Amino acid sequence: MRRPSSIWIVSKKYKIRFVANLAKHSLAVGMFRWESSEILIDDGLKGPGLAETLLHEILHAVHVTCNLQTGVDEEDIVSRLTPILLDVIRNGKNQKFWKWWKELDE
Ligand SMILES: [Zn+2]
């Protein structure tokens, strides 16, 4: 499946850009840029590392969307939420739940 180029968070569209050597240049494998409404992801990331980094950056966007204060706590909150939310979403034991949940909208 083709990599996504954007994600909607409520009413705002964020571009997703896969950047070569992002980690080398910025010392981070993912970056959220509020000013330009974009999420940058290191091109070399794959699998679970890519899933976790994308969710981490999406949570930064959610943080901004909620009008939560940006500051020292943001990174800590996002970093703590990411692995737990990732597990809830991706855990094979929850797939029945998510299949049911998606159908609630239909
Ligand atoms: Zn972060």
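In helix 2, the buried residues (20 or more other C-beta atoms within 10 Å of their own, placed from the backbone) are Thr 53, Leu 54, His 56, Glu 57, Ile 58, Leu 59, His 60, Ala 61 and His 63. This is a predicted model, in which local features need pLDDT of at least 70, side-chain atom pairs count only at pLDDT 80 or more, and totals for chains, interfaces and linings use all residues. Residues are numbered from 1 along each chain as its sequence is written.

**Helix 2**
- Helix 2 covers residues 47–65, 19 residues in total, and spans 27 Å from first to last C-alpha. That is close to the expected 27 Å, where the expected span is 1.5 Å times one less than the number of residues.
- Helices (H or I, at least four residues) and strands (E, at least two) are DSSP runs, numbered from the N terminus.
- The buried residues of helix 2 pack against strands 1, 2, 3 (30–33) and 4 (38–42), and against helix 3 (72–90); contact requires C-beta atoms, placed from the backbone, within 7 Å.
- Asn 67, which follows helix 2, has a positive phi near 60°.

**Strands 1 and 2**
- Strand 1 and strand 2 run antiparallel and are joined by 4 bridges; strands pair if DSSP finds at least two bridges between them.
- Ser 6 has Lys 15 of strand 2 as its bridge partner.
- The hairpin has 2 residues between these strands, and Val 10 takes a positive phi near 55°.

**Ser 11**
- Ser 11 sits in the loop between strand 1 (6–9) and strand 2 (12–19).
- Ser 11 is exposed because 6 other C-beta atoms lie within 10 Å, the cut-off being 12 or fewer.
- The C-alpha atoms of Ser 11 and Thr 65 are separated by 9.6 Å, although the residues are 54 apart along the chain.

Methods: Contact = placed C-beta atoms within 7 Å.
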